[in-house]
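Please take a moment to look through the chain shown here before reading on. The paragraphs that follow go from the overall fold to the core, and then to the charged and aromatic side chains.

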Amino acid sequence: MLSPPEEPREEKGSAPRISVLKTVGKPLTIKKRSEFLRIGRVGSRAKTSNAIVVCARSLVPDSSMVGYTASKRVGNAVARNKAKRRLRSLVHCFESEFVPGVSFVFIATLDTAFGEFAKLKSDFLYCVRKAKERANAQ
């Protein structure tokens, strides 16, 4: 009878395991809550009425990582999903801004879901550049 494979055990002092969805030519997607919390704790923030961007050094040095979050303050499930879709679209538009070794978390606001897309686009780019600038200064 076969037994299921065992999970590899982490040694004390080793780097935490990260869980990402690998894609070709795009930033990796952050999936674990612990990774969101780490970036929120150590990262630098930039905020406008349309979005909040948190930027920190990545645990994966050879690629960039992005994560998206929308709380219930944004609205119901439809509104939250719309906000995250808009943020993903903007990440796709500005892929060149995401350098390897940097992680970004994009926090949706009410205006992310229902605001004018052209304004969201300019605010998004401003936030990404400002957060990167602050992260490099640390």
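What pattern does the chain follow when it is read along the sequence? The chain runs β-β-α-β-β-β-α-β-α-α, which comes to four helices and six strands, where helices (H or I, at least four residues) and strands (E, at least two) are DSSP runs numbered from the N terminus. The model is a predicted one, in which local features need pLDDT of at least 70 and side-chain atom pairs count only at pLDDT 80 or more, while totals for chains, interfaces and linings use all residues. Residues are numbered from 1 along each chain as its sequence is written, and side-chain values use heavy atoms, with hydrogens and water left out.

Of the 138 residues of the chain, 41% count as buried; here buried means under 20% relative accessible area, exposed means over 50%, and partly exposed lies in between, with a 1.4 Å probe and protein chains only. The accessible surface of the chain comes to about 8,900 Å², and 54% of that surface belongs to carbon and sulfur atoms; such areas come from the Shrake-Rupley method with a 1.4 Å probe, and for residues only the protein chains shown count as cover. When contacts (heavy atoms within 4.5 Å) are taken between residues at least 6 apart in sequence, 73% of them join residues at least 24 apart.

The interior can be followed through its nonpolar cores, a nonpolar core being a set of buried Ala, Val, Leu, Ile, Met, Phe, Trp, Tyr and Cys residues joined through side-chain atoms within 4.5 Å. The largest core has 25 residues, of which Phe-98, Phe-104, Phe-106 and Phe-124 touch the most other members. At least two residues of this core come from each of strand S4 (51-57), strand S5 (65-69), helix H2 (77-93), strand S6 (102-108) and helix H4 (117-137), and the largest share, seven residues, is supplied by H4. Phe-124 touches Leu-87, Leu-90, Val-91, Phe-94, Phe-98 and Phe-106, if residues up to four places away in sequence are not counted. Apart from this core lies another, of eight residues, which include Leu-28, Val-54, Ala-56 and Val-60.

The structure holds six aromatic pairs, where rings of Phe, Tyr and Trp (its six-membered ring) pair if their centres lie within 6.5 Å, and planes under 30 degrees apart count as stacked, over 60 as edge-to-face and the rest as tilted. One of these pairs, Tyr-68 with Phe-106, is stacked, at 5.9 Å centre to centre and 25° between the planes. This pair links distant parts of the chain, since Tyr-68 is in strand S5 and Phe-106 in strand S6, 38 residues apart, and both Tyr-68 and Phe-106 are buried. The rings of Phe-94 and Phe-124 have centres 6.1 Å apart and planes at 25°, so this pair is stacked as well. Phe-94 lies in the loop between H2 and S6 and Phe-124 in helix H4, so the pair ties together parts that are 30 residues apart in sequence. Phe-94 and Phe-124 are both buried. Ring pairs join Tyr-68, Phe-94, Phe-98, Phe-104, Phe-106 and Phe-124 into a cluster.

Which residues are linked in a network of salt bridges? They are Glu-97, Arg-129 and Lys-132, and the structure holds four salt bridges, each a side-chain nitrogen of Lys or Arg within 4 Å of a carboxyl oxygen of Asp or Glu. The side chain of Glu-97 meets that of Arg-129 (3.1 Å, N to O), and this pair links the loop between H2 and S6 with helix H4, 32 residues apart. Glu-97 is buried, at 13% relative accessible area, whereas Arg-129 is partly exposed, at 46%. Glu-97 also meets Lys-132 (3.3 Å, N to O), and since Lys-132 is in helix H4, that pair ties together parts 35 residues apart in sequence; Lys-132 is buried, at 17%. Another salt bridge joins Asp-123 and Lys-119 (3.2 Å, N to O), which are four residues apart in helix H4 and therefore separated by about one helical turn. Asp-123 is buried, at 10% relative accessible area, and Lys-119 is partly exposed, at 44%.
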